[in-house]
2 protein chains.
Amino acid sequence: MTDDSLYGRLRSAILSLDLAPGQRLSERGLEPEFGASRTPIRAALMRLESEGLAQRDGKNWMVAPLNLDEIRALYEYREVLESATTRLASERASREDLEELAELASTSDAGETPEHSLDAGTSFHLELARISGNPFLEDAMRSVLTRLYRTRWLEVQSAESRDRVHAEHSSIASALLAGDSASAELATIDHLRGTDERLRQSVASDRLRLRASGIAVD
Amino acid sequence: MTDDSLYGRLRSAILSLDLAPGQRLSERGLEPEFGASRTPIRAALMRLESEGLAQRDGKNWMVAPLNLDEIRALYEYREVLESATTRLASERASREDLEELAELASTSDAGETPEHSLDAGTSFHLELARISGNPFLEDAMRSVLTRLYRTRWLEVQSAESRDRVHAEHSSIASALLAGDSASAELATIDHLRGTDERLRQSVASDRLRLRASGIAVD
DNA sequence: CTCTCGACTGTGGTATACCAATATGGTATC
DNA sequence: GATACCATATTGGTATACCACAGTCGAGAG
């Protein structure tokens, strides 16, 4: 799962908040920290930029900041993608696909750590996208989940939220297993709207504490 | 409109088929042709890879080939994006936005060249995405239009196709101006399905001729 | 004539030197 | 003391040298 390439290590550092949102990055400054020279560092930064994890501020690099407007737009976008994904998955998925999806839904056990819950949720939504049969939907979902990763981490801090996510994933998987496309689509939309709401409340309420940790939220 | 950066020139060369789909590219081989050294060439190739215009074949670079399965998946993906885009645009667009959109629709005049028709169509769909108010939908539409550019070029060769595209764009704009969201969404879906069908017929019927020109279609 | 093996050419990957532009900080002047 | 200006350090952008690897072509052995 862990990617020990320079790109993977930089990505992990950003997603784990080791590199704070909004933090300025210099290519030469990253050389000693990651033990690589500017050429591969630049390549990794360019790739991270295309994924929305790094940005340019003029000519300088920075870790992509957290932005409430962007989160809202991402959830709207995700609802477009994922409702269609659920519908297509219902039309196309094999029995085995759906059983694996149900297993992934049950794996996101509430007793686990926030990290496990987050990764399990990521796997669930990516598998759902995969069985939709459209690789562009899958790529778009992967991109959205990546962009939302750092904020989703906030939401999944409370055991109550993890329980709710778990139950909602199970509802989606059950509806798909029952062949009820409409219910599955509605369950997906409910899940996203609930998650969005809980998440943005977390961000808003934690904003001051976050800022105290050096994490700016626009 | 033209981008004289190295990236822009490489992109144009691919989209205009000066660099044939499937053609192998070597970083050093591009140096004399584009008058730049490997470093910026590599950067441009990596960016084009993230946009789906260049690919890697093992360690080697190649111009992204044309692939009928991919075209089908792209149109399915695009229908997901653009039906939602139309709905959101109908909810949010100002009167000025919609009038500009209608103007763009009428600009795609049937008497123009294929290139003009294609660029006008691109502008229409990008403007529609812009007034949806969601930057991620807009970026995704831009990406889809870029990936489909070379194949759309085939479809727009006949004046008859250009007429039809023009009429369909006008229908969408009219429905939006009338505030009829449902009709606009249906007109968008009709437009895409018709375009998809005409396009894939063009590709299929031209496949042999294309191959004779060195353009492989999988 | 065929097959195998080796030298060679070309590939991308990386490190690094150099350049121009810009931000910075200290100093001198008002 | 404030401000303007200049030296300097740091930045990203680019060109290039070197490396390891792979694919190819040719020569030599069977």
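This is a predicted model: local features need pLDDT of at least 70, side-chain atom pairs count only at pLDDT 80 or more; totals for chains, interfaces and linings use all residues.
Visitor: How are residues and chains labelled, and what pLDDT do local features need?
Guide: Residues are numbered from 1 along each chain as its sequence is written, while chains are lettered from A and ligands numbered from 1 in the order in which they are written. Side-chain values use heavy atoms, with hydrogens and water left out, totals for chains, interfaces and linings use all residues, side-chain atom pairs count only at pLDDT 80 or more, and local features need pLDDT of at least 70.

Visitor: How many residues of chain B are in contact with chain A?
Guide: Contact here means heavy atoms within 4.5 Å, and 100% of the interface residues of chain A are also interface residues in chain B, so the copies meet through the same surface. On the side of chain A there are 19 residues, and they are in contact with a number of chain B residues that is 19.

Visitor: Which element of chain A gives the most to the side that touches chain B?
Guide: Helices are DSSP runs of H or I with at least four residues, and strands are runs of E with at least two, numbered from the N terminus. Helix 3 (38-50), helix 4 (68-92) and helix 7 (135-155) of chain A each supply at least two residues of that side. The one that gives the most, with 10 residues, is helix 4 of chain A.

Visitor: Which residue of chain A meets B:Arg92 in a salt bridge?
Guide: A salt bridge is a side-chain nitrogen of Lys or Arg within 4 Å of a carboxyl oxygen of Asp or Glu, and the rule finds 2 of them across the interface of chain A and chain B. In one, the N to O distance from B:Arg92 is 2.3 Å, and the partner is A:Glu76.

Visitor: How many residues apart in sequence are the parts that A:Glu27 and A:Arg42 tie together?
Guide: The side chains of A:Glu27 and A:Arg42 meet in a salt bridge of 2.8 Å, N to O. A:Glu27 lies in helix 2 (residues 27-34) of chain A and A:Arg42 in helix 3 of chain A, so the pair ties together parts whose separation in sequence is 15 residues.
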